[in-house]
2 protein chains.
Amino acid sequence: MVHGRVSRLSVHDVRFPTSLGGHGSDAMHTDPDYSAAYVVLETDAEDGLKGYGITFTLGRGTEVVVCAVNALAPHVLNRELGDIVGDFRGFYRQLTSDGQLRWIGPEKGVVHLATAAVLNAVWDLWAKQEGKDPRTLVSCIDFRYITDVLTEEEACEILRQSQVGKKEREEQMLAHGYPAYTTSCAWLGYPDATLKQLCSEALKDGWTRFKVKVGADLQDDIRRCRLIRNMIGPEKTLMMDANQRWDVPEAVEWMTKLAEFKPLWIEEPTSPDDILGHAAISKALAPLGIGVATGEQCHNRVIFKQLLQAKALKFLQIDSCRLGSVNENLSVLLMAKKFEIPVCPHAGGVGLCELVQHLIIFDFISVSASLQDRMCEYVDHLHEHFKYPVLIREASYMPPKDPGYSTEMKEDSVKKHRYPDGEVWKKLLTAQGN
Amino acid sequence: MVHGRVSRLSVHDVRFPTSLGGHGSDAMHTDPDYSAAYVVLETDAEDGLKGYGITFTLGRGTEVVVCAVNALAPHVLNRELGDIVGDFRGFYRQLTSDGQLRWIGPEKGVVHLATAAVLNAVWDLWAKQEGKDPRTLVSCIDFRYITDVLTEEEACEILRQSQVGKKEREEQMLAHGYPAYTTSCAWLGYPDATLKQLCSEALKDGWTRFKVKVGADLQDDIRRCRLIRNMIGPEKTLMMDANQRWDVPEAVEWMTKLAEFKPLWIEEPTSPDDILGHAAISKALAPLGIGVATGEQCHNRVIFKQLLQAKALKFLQIDSCRLGSVNENLSVLLMAKKFEIPVCPHAGGVGLCELVQHLIIFDFISVSASLQDRMCEYVDHLHEHFKYPVLIREASYMPPKDPGYSTEMKEDSVKKHRYPDGEVWKKLLTAQGN
């Protein structure tokens, strides 16, 4: 039974100075400070439950997303939670189609990130109050702009068919978890010694799938890829990630030169907006056995729809904080199922692992019903700031057992990392003379 | 000779309460308050020249764009104008590829609108100081992500070939101006009586091309389209604009029913992100003689590249404030030339006509060299707030003669319309009890 009226929305600019250690660095984002716009929803209900939602950012600009969350706040404040989730599709559309605000999107960039943060908080709160059935889930999806590929009826049919074997898959997840791969060993900014050390530790911990950042310098890439491939051996899986560094012809040329290291995929070879470009790259690299993966910066379901239509990717990487929360991610999971493309979520950042584990385990149990060619990204940073951090066992995500969307951060972590007035930043900014 | 160091960047949230009169209303934006994030650049040069730049918004959310402009400010402040325009491609990329800020775009939505406002101000300032030759212009373009369709060499070659007949085209523009069409008669929120009156006035003023908003209600559309077609007669040109209201199959169905009114184009039939959807609609409507037009919410050159590759449109509508200023618009004009697709810019809003006249007249003189199937949108609102407003003569844009990008607003207009503390808003907000 859903209850309570939203009485307060607060939003915090929380930043972690990860750039100091080169963590998260890649060919396009050389100095990221992993950050989040962190939303807290309170209601007037006596249960005292709160909804926590985040969207991930890289430092500068978090204040812009915070500003956008505040611009969305009037749509949420003083609304009954029951009314919101009772017509969640309508509520989603209200946020994304505000007659004035949509101009600065629509459904992309800052406003869509802010929408994700707000909706993630609503889902967290709702999930703490009650369970959901498949029909309820479909009613949360806004099918606008995707009915040429997926209708509401088809979505229901997919979920209905996936009821078969659901119980066994639940048990399988509880026992073994969802397979993960690690990105923690080979950030672009790490010296070779760090890379070696992290790689050998990861091997000891049972990791079998590794991702390496490429794209800044070809000779450097060759050296680093050789180093990793030698360390992990020919049988283990290696993925490469260029973070949008290349133009289309350049991507093909560059990856042809890295093909000897047998990457399973090249991730984000070019602009996330370039559907036809990804299709061209996919076609060119298929004979080399390299698939194309993308998604972490694909801004909405319309882009994913076209990537699927154009056969532009072999691995689809949803993001829990760039798409419009569970609502929009559901539509992408269902389209991927229809096109038989495996979903391998983007994670890492701040809280992305915590969020996305829910989506991908749901995908396995209730949508795809398969682990073939599937795995979820994992990065072992910043989990200590979450109240319900992910649990990794033998390189797999173990299903979260606490109610909600695992998005609550520790109060003390938020306080210390609030930008610019938290203790950590005060110290850093003073040292930088700002 | 370029000179001066940027000593100050200020940005204002300027809003006009146009929703009170239904001006600007369409199927998706029912109550727009035409607004702008208005940037003023000052330098330490003795000439005292300032650069004025805007990006257009619809009211709510302008504060978010203002916040993003402030986030970009460190890239501009204390820079020599000579250094900026001396490597304008590099500067463009610095703004659009900031390692932290690009995450909340990249090159789309709020940050890209903010980028446009800042760059429009730089162009305004630069244009007041000196003229530019074609090679300089090409050096301003960031070819990243479009080299599979247009290389720097090809761009230079297009401009070189268009030198032929340039002088005659300049004279033609000075004498007759650039052909325009009007959107002022048929906003969706206007009652039929207003529509009739405005239409008959426009006919008297010599307008021959008219656009009508559609998409909210089919019967209503049929009535309004019949009314206008009857008033303007069978020979004059009628365009329709759905402002993204439809899904792909719906667009085809709906437009089939409006085909009897002989529209030249249907504008924004669906999501601006749906390249393949626009291609499908184009193909379906071609036998009915209806072309597809889009662009005002296409967020960057990568989207335009694909619309051209996919034969998704018959008319390409650039926007001076959504793309990254002159720099990015140049790349789109050149790609359109290569694909032989006419450019018919989006205008109206706040200052869009003032800005876009420069682009489209340049397009005719130096790129397309043709008026075939070409015209520029015009809306007769809010020009009185600009210091150098557009001059329309016989339904044509007359070339602007003052130096700069025509973006300076009257001081008093800015003061009165600043949100929320300008006189106009103080009064309105008090009346609304806010």
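These legends describe close-up views of aromatic rings in a predicted model. Over all chains, the structure holds 28 aromatic pairs.

**View 1. A:Phe88 and A:Trp123 form a stacked aromatic pair.** The ring centres lie 5.2 Å apart, with 25 degrees between the planes. The angle is under 30 degrees, so the pair counts as stacked. A:Phe88 belongs to helix H3 (residues 88–96) of chain A, and A:Trp123 to helix H4 (residues 109–129) of chain A. The pair links distant parts of the chain, 35 residues apart. A:Phe88 is buried, at a relative accessible area of 0%. A:Trp123 is also buried, at 5% relative accessibility.

**View 2. A:Trp265 and A:Phe315 form a tilted aromatic pair.** Centre to centre, the rings are 5.0 Å apart, and their planes make an angle of 50 degrees. A:Trp265 sits in strand S7 (residues 263–267) of chain A, A:Phe315 in strand S9 (residues 315–316) of chain A. The pair therefore ties together parts that are 50 residues apart in sequence. A:Trp265 counts as buried, with 0% relative accessibility. A:Phe315 counts as buried too, with 2%.

**View 3. Four residues of chain A form one aromatic cluster.** The members are A:Phe88, A:Phe91, A:Trp123 and A:Trp126. A:Phe88 and A:Trp123 are the stacked pair of View 1.

**View 4. The charged end of B:Arg15 sits over the ring of B:Tyr419.** The distance to the ring centre is 3.6 Å.

**View 5. A charged end from chain B sits over a ring of chain A.** The arginine is B:Arg322, and the ring belongs to A:Trp103. The charged end of B:Arg322 lies 4.8 Å from the centre of that ring.

Technical notes: Residues numbered from 1 in each chain as written. Chains lettered and ligands numbered in written order. Predicted model: local features only at pLDDT ≥ 70, side-chain atom pairs only at ≥ 80, totals over all residues. Heavy atoms only, no water. Phe/Tyr/Trp six-rings, centres within 6.5 Å; stacked < 30°, edge-to-face > 60°. Helix = DSSP H or I, 4+ residues; strand = E, 2+ residues; numbered from the N terminus. Buried < 20%, exposed > 50% of the residue type's maximum accessible area, 1.4 Å probe, protein only. Lys NZ or Arg CZ within 6 Å of the ring centre and 35° of its normal.
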